Amino acid sequence: MKKILTLFLTFFKIGAFTFGGGYAMLALLENELVDKKKWLTRDEFLDMTAVAESTPGPVAVNSATYIGYKIAGIGGAAAATFAVCLPSFVIIYVISLFLDKFMSLKYVSYAFKGIQVCVVWLILSAGIKMLKSLEKNALNITVTVSVAVLCTLFSLFAVNFSSVFFILICGAVGVALFLFARIRNRGRTNK
């Protein structure tokens with residue numbers, strides 16, 4: 001029961017103090033799960049992030065469900081998932097009651113502009129941390145540089161290309177290279 005309460009409080013805090021969705025949440029997730037709680041290693045965090053991004057649903061919810069299950073089984077998964085969703089639900093519900101009056105306030109508008117800058121910084125810092133911890137090999141460097149160049153070019157030339165396609169293409173490249181290496185190794189052991 002103590003594990004479930006710890007999971008609930010941890011993910012409630014993550015849900016309450018993160019603006020901008022799952023990518024902005026990555027920096028806080030890494031700080032809480034890897035640095036403070038030591039529930040994951042950096043490599044496990046990178047793996048969890050890759051799986052959470054490539055499976056249906058928000059990154060934060062997928063991450064919470066995974067960590068909750070890893071730490072305390074089904075009860076932990078339910079508690080962590082509920083906790084990460086609860087603050088957003090309550091905040092949005094309260095805002096919806098007063099939306100018109102709320103959005104017309106000058107200071108609220110300024111606050112949201114400041115939050116937008118913070119979200120960009122959170123996403124950038126999470127990306128830089130993940131990039132630093134990435135193993136430096138030819139595949140990783142090629143994929144990273146290729147995606148960065150393509151994203152920049154697509155943005156400059158206003159090409160509509162979803163980031164989901166980058167994830168799917170990179171995943172397919174990884175699987176293809178894994179299968180190629182496996183077939184090659186089988187050929188060597190059969191000789």
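User: How many aromatic pairs are there in this predicted model?

Analyst: The count comes to eight aromatic pairs. F8 and F12 make up one of them.

User: What makes F8 and F12 a stacked pair?

Analyst: Two values decide it. Their ring centres are 6.0 Å apart, and the cut-off for a pair is within 6.5 Å. The planes are at 15° to each other, and under 30 degrees counts as stacked. So F8 and F12 pair up, and the pair is stacked.

User: Where do F8 and F12 sit relative to each other in helix α1?

Analyst: They're four residues apart in that helix, so about one helical turn separates them.

User: Why is F8 called partly exposed?

Analyst: F8 has 22% relative accessibility. Buried would need under 20% and exposed over 50%, so F8 falls in between. F12, at 32%, is also partly exposed.

User: How do you know that F161 and F166 are edge-to-face?

Analyst: Look at the angle: their planes are 70° apart, and over 60 counts as edge-to-face. The centres are 5.0 Å apart, so the pair passes the 6.5 Å limit too.

User: Is F166 buried or exposed?

Analyst: Buried: its relative accessible area is 10%, and the cut-off is under 20%.

User: Why does the charged end of K106 count as sitting over the ring of Y107?

Analyst: The charged end of K106 is 5.8 Å from the ring centre of Y107, and the distance limit is within 6 Å.

User: What makes K2 exposed?

Analyst: K2 has a relative accessible area of 71%, and exposed means over 50%, so K2 qualifies. K2 is found in helix α1.

Definitions and conventions. Residues are numbered from 1 along each chain as its sequence is written. This is a predicted model: local features need pLDDT of at least 70, side-chain atom pairs count only at pLDDT 80 or more; totals for chains, interfaces and linings use all residues. Side-chain values use heavy atoms; hydrogens and water are left out. Helices (H or I, at least four residues) and strands (E, at least two) are DSSP runs, numbered from the N terminus. Buried means under 20% relative accessible area, exposed over 50%, partly exposed in between (1.4 Å probe, protein chains only). A charge sits over a ring if NZ of Lys or CZ of Arg is within 6 Å of the ring centre and within 35 degrees of the ring normal.
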